[in-house]
Amino acid sequence: VFRFKKFGDNGYPVEFDEAFRHNVEALLEFGQIHRNLCIGMPCWSFQLEVRRHPPFHVFLFVIEEPVEASMDHQCKHCRYVGWGHHMVCIKKYHFILPSKNMAAAYLNFQGNEGEDAGMLSNLMQLQGHAMHGVFHSNGFGHLLCVNGVETGSDLTGHQIMDFWDRLCSGLQARKVSLYDISRKKGMELRLLHVVAYSQSWFGHWGYKFGRGSFGVTQPMYQKAIEAIQGMPLCLLLNHLGHLNPDIPLIFTRYQTLSDHFLATLGDLFHFLLDLKSRLPKENCNFGSYNPGILVETNCRWSAKRVEMATRVIVESLKRAESRWVSRQEVRDVARSYVGDTGLLDFVLKSLGNHIVGKYLVRRSLNPVTKVLEYCLEDISNVFPEQDLVLGNSKTKTRYRISVAQLMKDVRILYKLILHDQKPATSSGIFSGISVASRIILDTKYFVKECCRDQVCSTKPGLDLEGKLKLYCTVILRDGENPNGGRSNSAMQPYECVTIKNNATFDELKLEVQRNFRELYWGLRSFVIESIVNVNATGTDLVCGFVEVGRRIVFEGSNSERGIVYGQIYENGMVNCVVECACGADEDDGERMVSCDICEVWQHTRCARIPNNEEIPHIFLCNRCEQEIVHLSSLP
């Protein structure tokens with residue numbers, strides 16, 4: 001059993017000091033392998049302890065997917081985020097925190113080969129998991145889903161993202177993408193958080209603009225953020241106040257609560273979301289407790305006696321100084337002050353996971369001794385004062401704001417200002433809000449650069465063991481590149497190659513050749529023929545020619561014929577032409593339609609085909625339609 005909060009840190013459970021694929025292999029040596037799967041995809045599981053009291057464990061599954069066992073060799077996520085020029089890797093690794101039901105069903109499953117295949121396929125394809133991420137063996141990955149408490153998970157979204165972030169950093173992944181369509185209470189979080197914090201919710205973990213849909217570029221995205229954040233509240237108040245009487249009340253309410261002047265729309269949403277994080281929750285997730293013990297009318301003890309016994313038990317737990325104490329020990333101490341053992345038993349039974357004053361009385365069954373234990377937790381620092389002081393010190397006015405009221409106000413502002421603008425509210429200067437919101441919502445792909453390639457900085461590039469680390473890449477010889485010629489788009493990501501300090505260039509070639517053959521499906525028969533950017537002979541020592549920080553490019557070809565070169569790249573056989581009015585010239589994952597005459601693709605949204613309507617059986621683009629209209633009539 002591994003600790004959830006530390007799993008993935010360097011040294012827990014293994015030192016991660018190699019390239020990504022070697023780090024994954026080292027990690028899997030600590031997993032429980034499931035050998036009963038008969039479809040060529042080995043699977044490992046890790047049991048992770050989230051907390052001890054009350055006991056809570058989750059399972060992490062890691063599935064190794066060889067390209068031969070994959071239904072689709074190409075990765076659509078790589079294509080949509082702009083990594084389509086990468087070659088198809090030989091292996092992918094799926095990291096899954098499954099839903100509770102799926103984890104139990106899988107661990108207890110014993111079936112035949114066909115049933116095993118179906119079970120593993122479900123585990124990889126279901127969207128209801130707490131987390132599902134996939135890595136290619138070259139270190140590029142995709143976070144496919146995160147589902148927190150609101151979707152039924154026992155883990156919060158922050159816990160899951162912290163865990164995923166540790167995995168990416170520990171395994172030394174290179175870049176990780178995600179497709180952000182997260183919503184909360186009917187609001188698009190990527191729009192709400194960008195207005196408040198200048199970044200999406202995932203930006204807290206370093207995810208930045210990756211690629212926009214519908215022709216959105218990074219400068220457009222940044223200008224949209226600045227425009228919508230800088231919208232003056234005074235103009236909004238005058239413009240929208242007569243349309244909705246709640247707007248002036250909401251503005252006034254939170255301006256009074258704020259210590260500083262809320263001048264812009266960005267200031268307002270920033271204050272609202274910060275205030276939400278500070279307010280006490282009506283239903284806190286410490287367990288099911290009430291603010292005190294509810295004494296029924298038919299209880300044989302008075303409320304005063306119950307309160308007195310409760311105070312005695314709490315005082316005895318204080319002396320334990322936050323350690324867990326058995327029920328019998330608490331009862332024995334309390335009997336010195338309360339002689340009625342029936343009253344003590346009643347209070348001990350009712351007190352578990354209740355708040356008394358500024359303390360939370362925890363109760364849990366010890367998983368080893370099977371004995372009930374109690375512990376006292378001071379929550380005065382967890383929950384701030386609920387009464388927020390308004391106005392100056394003379395008025396002493398108090399205003400009580402609940403999370404429910406705050407979220408209701410946020411939804412009103414979001415819907416009226418950011419999302420569902422009507423023609424009456426989107427004219428003049430306010431038309432910029434509608435345009436900026438659309439640009440932000442059209443930005444769904446975000447990327448985090450987890451681990452940059454860094455060559456050892458000590459001269460002459462040697463590590464502590466006297467080995468030389470170099471970053472090398474390869475390109476296919478002219479005529480074998482589907483893009484034509486020697487171009488940067490055909491060059492693969494650099495790989496860290498370790499050689500002896502007295503190695504020659506011939507030995508370096510063999511090591512690079514072996515690494516890339518093991519990494520990429522289309523380079524299984526790759527043979528290096530020359531070095532592109534270093535003028536050296538095969539017998540020359542590498543240390544004598546390569547300075548610190550130098551990157552080496554090798555050129556070669558596949559000795560095995562019959563390989564379809566378009567299929568060894570993540571883009572696949574790219575024969576379609578994208579030319580849309582929005583400026584997009586590549587497939588960005590949005591719904592598209594092809595002209596039946598020129599066969600050029602464009603977005604259905606740009607062609608004014610609603611998403612709730614099917615694509616027409618016959619479709620003509622505007623250009624072809626105009627050419628047909630201008631054709632001279634036949635005699």
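This report walks through side-chain contacts, strand pairing and nonpolar packing in a predicted model.

Let's start with the charges. Across the whole structure, a search turns up 22 salt bridges.

| Pair | N to O distance |
|---|---|
| Arginine 323 and glutamate 329 | 3.5 Å |
| Arginine 327 and aspartate 345 | 2.9 Å |
| Arginine 331 and aspartate 345 | 2.7 Å |

Aspartate 345 turns up in two of those rows, with arginine 327 as one partner and arginine 331 as another.

Arginine 331 is another story: it is buried, because its 15% relative accessible area falls under the 20% cut-off. As for the remaining pair in the table, arginine 323 comes out at 45% and glutamate 329 at 36%, so both count as partly exposed.

What does β12 pair with, and in which sense? Its partner is strand β15 (residues 372-378), and the two run antiparallel over two bridges. Within that pairing, valine 325 stands opposite tyrosine 374 of β15.

**Strand β19 and its neighbours**

Now for a strand with partners of both kinds. Strand β19 (residues 467-476) has eight of its 10 residues buried, so the rest of the structure largely encloses it. With strand β20 (residues 495-500), β19 pairs in the antiparallel sense over six bridges, and tyrosine 471 has cysteine 496 as its bridge partner there.

Arginine 551 lies over the face of tyrosine 494, 4.9 Å from the ring centre.

**Aromatic pairs and charges over rings**

The aromatic count comes to 19 pairs. One of these joins phenylalanine 20 and phenylalanine 135: the rings are tilted, 5.1 Å centre to centre, with 50 degrees between the planes. The two residues are 115 positions apart, with phenylalanine 20 in helix α1 (residues 20-28) and phenylalanine 135 in strand β6 (residues 131-136). Are they buried or exposed? Phenylalanine 20 is buried at 4% relative accessible area, and phenylalanine 135 is buried at 0%.

Tryptophan 201 and phenylalanine 202 make an edge-to-face pair, with centres 5.1 Å apart and planes at 80 degrees. Both of these residues are buried. Elsewhere, ring pairs link Phe2, Phe4, Phe7, Tyr12, Phe46 and Phe163 into a cluster.

One more charge-over-ring contact is worth a look: the charged end of arginine 605 sits over the ring of phenylalanine 214, 3.7 Å from its centre.

**The largest nonpolar core**

In soluble globular proteins, nonpolar side chains tend to be buried together. Here, the largest nonpolar core holds 90 residues. Which of them touch the most other members? The answer is Phe46, Phe95, Trp164, Leu236, Tyr254, Leu265 and Leu418. Phe46 is also part of the aromatic cluster. Helix α14 (residues 403-419) gives the most to this core, with nine residues. The core also draws at least three residues from each of domain 1 (2-112 + 119-180) and domain 2 (227-279 + 403-442).

Technical notes: Residues are numbered from 1 along each chain as its sequence is written. This is a predicted model: local features need pLDDT of at least 70, side-chain atom pairs count only at pLDDT 80 or more; totals for chains, interfaces and linings use all residues. Side-chain values use heavy atoms; hydrogens and water are left out. A salt bridge is a side-chain nitrogen of Lys or Arg within 4 Å of a carboxyl oxygen of Asp or Glu. Buried means under 20% relative accessible area, exposed over 50%, partly exposed in between (1.4 Å probe, protein chains only). Two strands pair if DSSP finds at least two bridges between them. Helices (H or I, at least four residues) and strands (E, at least two) are DSSP runs, numbered from the N terminus. Rings of Phe, Tyr and Trp (its six-membered ring) pair if their centres lie within 6.5 Å; planes under 30 degrees apart count as stacked, over 60 as edge-to-face and the rest as tilted. A charge sits over a ring if NZ of Lys or CZ of Arg is within 6 Å of the ring centre and within 35 degrees of the ring normal. A nonpolar core is a set of buried Ala, Val, Leu, Ile, Met, Phe, Trp, Tyr and Cys residues joined through side-chain atoms within 4.5 Å. Domain bounds come from an automatic or database domain assignment.
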